[in-house]
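Please look over the sequence and the model before reading on.

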Amino acid sequence: GTYTTNEEGKITLTLPAGEYVARETNVPEDYQLPEQAETEFKVTKSDETIIVNIENTKKKGEVITHHYIEKTKERVPALEGGIVEDVIQSGNIGDIYATQQAENIANNYEYVSSTENTSGEIVEGTTEVIYYYKLKDPVITTPEITKESDIEKVTDVSQTIDYKINY
């Protein structure tokens, strides 16, 4: 016969002695059918209590976080050389995920923007999150030279005129 479990996934049946096969044919929305959909069991006496457990597992999903140079799919350079690698998070559907900007980007790059899905719930399949970075705008500082001694003209070999140069 066909039987349906309750909200807790349990069912109680009274069966005569014999050999049986429990076959799971349907699971809740966020779950997947077990690899072994059939479970064999035997009832030897009519008043015997048998517990048959069929384990359901939640469906899985993953989140891949990319770190790209702005307006490209080129990975941003890493501080220690090479590139900033993708970060992959795996979990059950419905689990909460959060991503973040890379902290190990090259010093001459800065964060610009990201896709809107930097955090949320894991869904079935793959979710891609992208952070974008750009080269920092160069800063040119005007050099500053400051005289630090009161001497106007060296008249003795022991005298010095000191300058401080900032650039």
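## Selected residues and overall form

N117 counts as partly exposed because its relative accessibility is 24%; buried means under 20% relative accessible area, exposed over 50%, and partly exposed in between, with a 1.4 Å probe and protein chains only. The model is a predicted one, in which local features need pLDDT of at least 70 and side-chain atom pairs count only at pLDDT 80 or more, while totals for chains, interfaces and linings use all residues. Residues are numbered from 1 along each chain as its sequence is written, and side-chain values use heavy atoms, with hydrogens and water left out.

N117 sits in the loop between β8 (109–114) and β9 (119–121). Neighbours within four places in sequence aside, N117 is in contact with Y97, T127, E128 and V129, where contact means heavy atoms within 4.5 Å.

Two of these partners can be followed further. Y97 is in strand β7 (residues 96–98) and counts as buried because its relative accessibility is 4%. Residues up to four places away not counted, Y97 touches V63, Q89, N117, T118, S119, G120, E121, I122, T127 and V129. T127 belongs to strand β10 and also counts as buried, because its relative accessibility is 13%. With neighbours within four places left aside, the contacts of T127 are E62, V63, I64, Y97 and N117.

Two other residues, K71 and A78, lie in a loop of their own. K71 is in the loop between β5 and β6 (87–92), and A78 is placed in the loop between β5 and β6. K71 is exposed, because its relative accessible area is 78%, and its phi is positive, about 65°, although K71 is not a glycine. A78 is buried, because its relative accessible area is 5%. Beyond four places in sequence, A78 is in contact with I83, V84, N104, I105 and A106.

| Pair | Separation along the chain | C-alpha distance |
|---|---|---|
| Y97 and N117 | 20 residues | 9.8 Å |
| N117 and I88 | 29 residues | 14 Å |
| A78 and D30 | 48 residues | 38 Å |

## Core

In soluble globular proteins, nonpolar side chains tend to be buried together. Here the largest nonpolar core has 14 residues, and V76, V84, I105, Y109 and Y133 have the most contacts inside it. A nonpolar core is a set of buried Ala, Val, Leu, Ile, Met, Phe, Trp, Tyr and Cys residues joined through side-chain atoms within 4.5 Å. β5 (60–69) and β10 (125–135) each supply at least two residues of this core, and the largest share, three residues, comes from β10. V76, with its neighbours within four places aside, is in contact with H67, Y68, I69, I83, V84, I105, Y109 and Y133.

## Pocket

The largest pocket holds about 1,500 Å³ of space. A pocket is an open set of points on a 1 Å grid over the protein atoms alone where a 1.4 Å probe fits, with protein on both sides within 12 Å along at least five of seven lines; lining residues have an atom within 4 Å of a point. Points are joined across faces, edges and corners, and the volume is the space filled by probe spheres set on them.

The lining has 38 residues, of which T5, I11, L13, A22 and I54 lie nearest the centre of the largest pocket. β1 (18–23) and β3 (38–43) are the elements that give two or more residues to this lining, and β1 gives the most, with four residues. The lining divides into 16 nonpolar, 14 polar and eight charged residues. Ala, Val, Leu, Ile, Met, Phe, Trp, Tyr, Cys and Pro count as nonpolar, Asp, Glu, Lys and Arg as charged, and the others, Gly among them, as polar.

## Whole chain

The protein has zero helices and 12 strands. Its C-alpha trace spans about 120 × 35 × 25 Å along the principal axes. The radius of gyration, taken over C-alpha atoms, is 34 Å, whereas a compact globule of 167 residues would have one near 15 Å; the globule rule is 2.2 Å times the number of residues to the power 0.38. Buried residues make up 20% of the 167 residues.
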